[in-house]
Amino acid sequence: MAAVLPLLLLGAGCSAERERPRAARPVAIATTSSDVPLTPRSAARAFALWTVNDDLARASGDERLALAWAVDSQRAVTAAEYRRAAADGAQVARHAYGRPALWVPRLDGYPQWFVAAAPRGRETALMAFTKPSPEQRWRLSLLTVLDRGVKPPKVEVDADGYATALPTEDQSVLIAPSLVAPPQAAVAEDGPGSYSARVLKAGPYTTGYYAEKEKAAKKAAKDGLEYASTFTATSQPVFPLRTEDGGCLVLYSLTRDVSLTREKDGPLDVPGDADHLAAGKPTGRELHVFSSLRFAALVPARNSKPAKNDKPDKVSGSDKSEKQEKERPKVTVIAEDGAATRIESS
């Protein structure tokens with residue numbers, strides 16, 4: 001049966017800076033759920049329909065509608081975004097999406113999925129959409145944002161416009177797509193000394209998280225608190241696509257648990273990015289802030305070599321080992337987004 005959704009008579013994709021729209025009578029728009037083959041054309045329609053309904057939800061502050069078009073990690077992040085806006089007495093930010101690059105794999109059966117790289121203001125959003133069955137609509141499973149200055153990856157696309165999806169356990173790349181998250185979590189917790197740093201490039205979402213944790217722990221200690229930051233790989237879907245160089249682009253999620261512990265019970269200050277999740281000031285000895293983080297990483301091919309312009313120098317001993325380590329092809333995390341989604345205290 002067709003699901004009937006309201007369509008506000010406003011242009012989809014207005015920026016957050018525009019004034020709050022006036023109330024208007026909605027007009028119904030119907031969407032159909034059927035066994036439609038996944039093609040670049042059907043993916044384009046799915047993306048366009050999602051942007052219309054997402055903007056409608058944001059313009060009217062309709063969290064229920066927004067959640068109807070989100071699934072997996074995106075659902076928790078969307079709910080947190082609306083809760084943040086409500087706590088601030090503000091409108092949820094609206095986004096204008098430009099024409100996307102669509103990476104649509106050839107898939108037999110369900111679930112179906114595709115990835116879009118869409119301009120959004122001054123940034124580029126990488127978005128994974130899923131459709132678990134013919135009866136369900138396309139929903140946004142994951143959204144992450146490319147780092148500033150990073151161009152969208154070169155995904156391999158054939159003459160018919162289809163991308164190549166990799167099996168999650170594919171062994172043609174340095175790390176199987178399903179196993180990219182755990183090494184990142186290890187480096188984020190243990191820093192450059194982690195064994196996983198051998199396959200993961202240093203950056204803000206690897207060694208940067210570790211440096212951030214060490215700094216926060218020192219500050220907390222001065223206030224009589226113990227600070228800990230734990231990253232965990234999730235059971236959420238991963239979305240791997242072959243890149244032109246034989247490697248792959250993979251979109252995936254991690255959860256982060258930041259905890260503050262004191263020796264005695266008492267009021268605990270909730271970090272500013274999560275204070276909207278607290279019903280009053282938490283008390284007890286321990287506070288946990290859980291976040292859902294979404295990433296995109298480039299994984300080199302297993303047999304890839306250093307770039308041709310990286311000519312080896314005549315060095316020996318530890319210097320040679322250090323240089324070889326720097327030249328080793330590594331996974332590079334190129335996009336991140338997420339939010340604090342819940343807190344617990346005890």
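Which residues does Gly191 touch, not counting residues up to four places away in sequence?

Analyst: Gly191 touches Ala186, Ala197, Thr207 and Tyr210, with residues up to four places away in sequence left out. Contact here means heavy atoms within 4.5 Å.

First, the ground rules. This is a predicted model, in which local features need pLDDT of at least 70, side-chain atom pairs count only at pLDDT 80 or more, and totals for chains, interfaces and linings use all residues. Residues are numbered from 1 along each chain as its sequence is written, and side-chain values use heavy atoms, with hydrogens and water left out.

Now the setting of Gly191. It lies in the loop between helix 4 (181-190) and helix 5 (207-222). Helices (H or I, at least four residues) and strands (E, at least two) are DSSP runs, numbered from the N terminus. Gly191 is buried, because its relative accessible area is 0%. Buried means under 20% relative accessible area, exposed means over 50%, and partly exposed is in between, with a 1.4 Å probe and protein chains only. Gly208 is 17 residues from Gly191 along the chain, and their C-alpha atoms are separated by 8.2 Å.

The two flanking helices also meet. Helix 4 and helix 5 pack at an angle of about 35 degrees, and their axes are 6 Å apart. Axes are lines fitted to C-alpha atoms, for helices over the stretch in contact, and angles run from 0 to 180 degrees between N-to-C directions. The crossing of helix 4 past helix 5 is right-handed. Helix 4 brings Gln184, Val187, Ala188, Glu189 and Asp190 to the contact, and helix 5 brings Thr207, Tyr209, Tyr210 and Lys213. By type, the residues of this contact are four nonpolar, two polar and three charged. Ala, Val, Leu, Ile, Met, Phe, Trp, Tyr, Cys and Pro count as nonpolar, Asp, Glu, Lys and Arg as charged, and the others, Gly among them, as polar.

Other loops are worth a look. Gly161 lies between strand 6 (139-146) and strand 7 (162-163). Gly161 counts as partly exposed, because its relative accessibility is 23%. Its contacts, leaving aside neighbours within four places in sequence, are Pro40 and Val104. Arg106 is 55 residues from Gly161 in sequence, and 9.9 Å from it in space, C-alpha to C-alpha.

Pro111 sits in the loop between strand 3 (101-105) and strand 4 (112-120). A cis peptide bond joins Tyr110 to Pro111, with omega about 5 degrees.

Asp72 is in the loop between helix 2 (63-68) and helix 3 (73-88). It is not a glycine, yet its phi is positive, about 60 degrees. Asp72 is partly exposed, at 27% relative accessibility. Helix 3 has buried residues that include Ser73, Val77 and Tyr82. Just after helix 3, Gly89 has a positive phi of about 65 degrees.

Finally, the whole chain. It has six helices and 12 strands. Of its 346 residues, 42% are buried. Among contacts between residues at least 6 apart in sequence, 67% join residues at least 24 apart.

Technical notes: Left-handed = near helix turned anticlockwise from the far one by under 90°.
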